[in-house]
Amino acid sequence: MAFSDEQSISREELALAARNHGMPLEALRYDITPTGLHYLLIHYDIPVVDSAAWRLELDGSVERPLLLSLDELMARPAVTQPVTMECAGNGRARLSPRPISQPWLLEAVGTGQWTGTPLAPLLEEAGVGGDAIDVAFTGLDRGVEGGVEQDYVRGLAVDEARRPDVLLAYALNGQPLPPQHGYPLRLLLPGWYGMAQVKWLRRITVLDEPFTGYQNVKAYRYRRTPDDDEGTPVTRMACRALMAPPGIPDFLSRRRHLNVGPCTIVGKAWSGWAPIERVEVSVDGGRNWQAADLDQAVGPAAWRPWTYSWSSVEPGDYEVCCRARDAAGNVQPDAPDWNVGGYAVNAVQRVAVTVAADHS
Ligand SMILES: Nc1nc2c(c(=O)[nH]1)N[C@H]1C(S)=C(S)[C@@H](COP(=O)(O)O)O[C@H]1N2
Ligand SMILES: [Mo]
């Protein structure tokens, strides 16, 4: 991993940012993110897939390997569930020095209404061997990363793969998956960061030894220093609250302009570890905090809407902040917590707001 001490991002980071867009934060107002506003992260190229010729292979350490067409998968029992998905690199661009990769600020998140068929019964039908340890999920996309040519493959412990909420998803918000979200089929692993949710799935391989592929062993590990080779695996989403920035933006600086009078701040909060229990807002840069009002979560694996009534907005400059706590006691740090890959950087969101005297 290379790092940069520069404030400004490089042309290479810009090229990645232009391909992999975030969810504009004003879209935090939707419970279900409209498909075109959901964030995108694609390591290599988006494959073009002929779904009539496409098949899913389920093989490896199983008694009966399966070969399934899209029609066969869609004829199986279907489940639709809202799932909040976030890129593990969300917040990376706020680190200093900055790991050179997709330079997310805060916007790599979205909540889709995903439809698919549960994976567990398919594993059951294939007859997973008693020695099974991991399951490898292989996408159709291929590239070079860290000097290694590879398919995009992620390994997952067999017990995680068997969880009842794990889906092979073929629809997003009631439509076939768009090419950029994994057409015709992707893995959906509620609660986990995005990297585990393999798109353009073509093969599921049950392994009776630990998976040692690049995306598990080299990438997506928490490492405190560049010479820590081991690290620990990145798994579930850290707890985070985000607000839709209030008022109107300055085109370039994105500083917010707000009128005097009452203002309702709205946002969402989520955690892959436990339900969200509390959201707090500060309008003075984190000195004083007040509880926001919580709504019901959009689903068991989806974000929880919240609102905060800022009752008497007076002229001045403000820094509006929000932070969440989940039922496992996870909270957000005030300042980014550095790690080599820039993963799970869930520091408190800070929005600069100017309130001018009322001219009306
Ligand atoms: N085959 C494949 N699957 C993939 C990726 C990829 O590059 N190739 N990117 C992963 C990462 S890092 C993320 S964050 C999510 C993003 O999913 P989305 O683009 O549908 O939001 O997909 C994951 N699945
Ligand atoms: Mo990601």
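Mentor: We will take the pockets, then the cavity and the ligand, then some backbone details. Keep in mind that this is a predicted model.

Trainee: What is the general idea behind finding empty space?

Mentor: Rolling a probe the size of a water molecule over the atoms shows where empty space is left. Here, the largest pocket holds about 810 Å³ of space. Its lining has 32 residues, and Met1, Glu145, Tyr214, Ala219 and Tyr343 are the closest to the centre.

Trainee: Which strand and which helix each supply at least two residues of that lining?

Mentor: Strand S7, residues 134-145, and helix H5, residues 214-217. Look at the domains as well. Domain 1 (3-233) and domain 2 (240-356) each give at least three residues to the lining of the largest pocket.

Trainee: How does the lining of the largest pocket split by class?

Mentor: Count 17 nonpolar, 7 polar and 8 charged residues.

Trainee: What volume does the second largest pocket have?

Mentor: About 640 Å³. There are 18 lining residues in the second largest pocket, and Leu25, Leu105, Pro245, Ser253 and Arg254 lie nearest its centre. Strand S24, residues 349-355, provides the largest share of this lining, with 4 residues. By class, the second largest pocket is lined by 9 nonpolar, 2 polar and 7 charged residues. Domain 1 (3-233) and domain 2 (240-356) each contribute at least three residues here.

Trainee: How is a cavity told apart from a pocket?

Mentor: A pocket is open, whereas in a cavity the probe fits but cannot get out. The search uses the protein atoms alone. This structure has 1 cavity of 30 Å³ or more. The lining of the largest cavity comprises 11 nonpolar, 5 polar and 3 charged residues.

Trainee: Now the ligand. Which residues are closest to ligand 1?

Mentor: Ligand 1 is surrounded by 19 residues, and His43, Asp141, His181, Arg186 and Lys199 are the closest.

Trainee: What should I look for in the polar contacts?

Mentor: Look for N or O atoms paired within 3.5 Å. Lys199 places a polar side-chain atom 2.5 Å from an oxygen atom of ligand 1. For His38, a polar side-chain atom is 3.4 Å from a ligand 1 oxygen. Leu41 uses its backbone instead: a polar backbone atom lies 3.0 Å from an oxygen of ligand 1. Then check the cover. On its own, ligand 1 has 530 Å² of accessible area, and the protein covers 100% of that.

Trainee: Let us turn to the backbone. Where are the cis peptide bonds you want me to see?

Mentor: Between Ser96 and Pro97 the peptide bond is cis, with omega about -5 degrees. Pro97 sits in the loop between strand S4 (79-86) and strand S5 (98-99). Another cis bond runs from Tyr183 to Pro184, where omega is near 5 degrees. Find Pro184 in the loop between strand S10 (175-176) and strand S11 (186-188).

Trainee: Is phi of Asn173 positive or negative?

Mentor: Positive, near 50 degrees, and Asn173 is a residue other than glycine. Asn173 lies in the loop that joins strand S9 (167-172) and S10.

Definitions and conventions
Residues numbered from 1 in each chain as written. Chains lettered and ligands numbered in written order. Predicted model: local features only at pLDDT ≥ 70, side-chain atom pairs only at ≥ 80, totals over all residues. Heavy atoms only, no water. 1 Å grid on protein atoms, 1.4 Å probe; cavity = no way out; pocket = protein on both sides within 12 Å on 5 of 7 lines; lining within 4 Å. Points joined across faces, edges and corners; volume = space filled by probe spheres on them. Nonpolar A, V, L, I, M, F, W, Y, C, P; charged D, E, K, R; others polar. Domains from an automatic or database assignment. Near = heavy atom within 4 Å. Polar contact = N/O pair within 3.5 Å; in protein donor to acceptor, adjacent residues only side chain to side chain. Areas by Shrake-Rupley, 256 points an atom, 1.4 Å probe, with all protein chains shown as cover.
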